[in-house]
Amino acid sequence: MKIFSTSTKHLALLSLVLVISNANAQDKFKVCADPLHPPYSTKDLTGYENKIAELFAQQLGQELEYTWFPERMGFIRNTLKAETDNNKGFKCDVVMGLPTGSDIADTTKAYLHSTYVLLIAKGRGWDDISDPSQLYNLPLPKQEQIKIAMFDRGPGTDWLQKHGLLEQGIPYQSMTGDGENNTAMHIEKDLRSGAIDMVILWGPMAGYIQSQNPNNYISIPMQSAEGIKFDFSISMAVRQGDNKRKQQLNELITQNKDKIHDIIGSYGIIMLPEESQKQQNQ
């Protein structure tokens with residue numbers, strides 16, 4: 001009797017697992033992403049966010065489905081919060097990379113903590129720079145030779161202003177509107193051509209530029225200081241109120257922490273300890 005009862009329970013449990021598996025299999029892991037945004041995402045699925053999405057979809061037993069949209073102003077409104085043309089649900093359920101705590105969507109726990117990097121092209125007279133402070137302590141004639149990218153938004157520009165180097169900045173837009181080159185690709189070309197010699201750039205984009213010519217750059221992580229924050233945490237985004245999916249993603253991020261870091265690390269991206277880990281170590 002006991003054997004019969006146990007087998008019955010096992011069969012019931014197996015049936016439940018199959019029901020859940022079938023339910024998951026019927027769903028799709030729907031992601032909205034930019035089709036030309038290395039190292040984050042590409043239509044060829046070569047970005048690190050593509051790899052993480054693929055990992056999660058596999059573990060959920062779901063088909064991975066993309067809706068492609070250029071990452072410009074209004075990206076979340078036109079993707080995560082936008083319904084399909086036939087009004088059968090939303091275009092996607094997940095956006096892979098958004099600053100933790102962003103107010104334009106609900107964000108999961110962080111899966112990446114990185115910082116801005118001072119990236120210097122070698123062989124242009126700046127190979128002795130090993131600390132950003134050396135730039136604003138240079139003699140004025142040498143300072144006037146600096147050609148450094150300066151973005152319309154971002155802490156790098158604040159740093160240049162704070163240290164009297166704003167006149168040496170060459171302005172760039174954070175969102176190019178260029179259908180053939182994203183910001184990282186544009187900066188990489190200008191560094192290579194000599195239009196600029198250095199840039200203060202978000203860690204993943206700096207990693208992408210270094211990967212194109214691994215021995216051609218000096219990479220110096222920027223340190224956050226009073227008034228200028230360079231390090232930020234990155235999460236996945238879901239629609240506000242989609243708490244079940246957020247919980248599911250949080251569990252996947254926790255369970256796959258090492259795999260996620262292996263994926264991101266393989267792109268040469270600098271990773272810092274997460275905020276919670278830093279607080280524990282203090």
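Predicted model: local features only at pLDDT ≥ 70, side-chain atom pairs only at ≥ 80, totals over all residues.
Residues are numbered from 1 along each chain as its sequence is written, and side-chain values use heavy atoms, with hydrogens and water left out.

**Aromatic pairs**

- There are 10 aromatic pairs in the structure; rings of Phe, Tyr and Trp (its six-membered ring) pair if their centres lie within 6.5 Å, and planes under 30 degrees apart count as stacked, over 60 as edge-to-face and the rest as tilted.
- Tyr66 and Trp68 are a stacked pair, because their ring centres are 4.5 Å apart and their planes sit at 10°.
- Tyr66 is buried at 16% relative accessibility, whereas Trp68 is partly exposed at 24% (buried means under 20% relative accessible area, exposed over 50%, partly exposed in between, with a 1.4 Å probe and protein chains only).
- Tyr136 and Trp159 make a tilted pair, with 5.8 Å centre to centre and 55° between the planes.
- Tyr136 belongs to helix H4 (residues 133-136) and Trp159 to helix H6 (residues 155-162), so this pair ties together parts that are 23 residues apart in sequence; helices (H or I, at least four residues) and strands (E, at least two) are DSSP runs, numbered from the N terminus.
- Of these two, Trp159 is buried at 7% relative accessible area, and Tyr136 is partly exposed at 29%.
- Tyr116, Trp202, Phe230 and Phe232 form one aromatic cluster.

**Charges over rings**

- Lys142 lies over the face of Trp126, 4.5 Å from the ring centre; to count, NZ of Lys or CZ of Arg must be within 6 Å of the ring centre and within 35 degrees of the ring normal.
- Phe232 has the charged end of Lys229 over its ring, 5.4 Å from the centre.

**Helix H7**

- Buried residues in helix H7 (residues 183-193) include Thr183, Ala184, Met185 and Ile187, along with Glu188, Asp190 and Leu191.
- After H7 comes Gly194, with a positive phi near 95°.

**Largest pocket**

- The largest pocket is lined by 50 residues, and Glu71, Pro99, Arg153, Met175 and Trp202 lie nearest its centre.
- A pocket here is an open set of points on a 1 Å grid over the protein atoms alone, where a 1.4 Å probe fits, with protein on both sides within 12 Å along at least five of seven lines; lining residues have an atom within 4 Å of a point.
- Strand E5 (residues 94-99) gives the most to this lining, with 5 residues.
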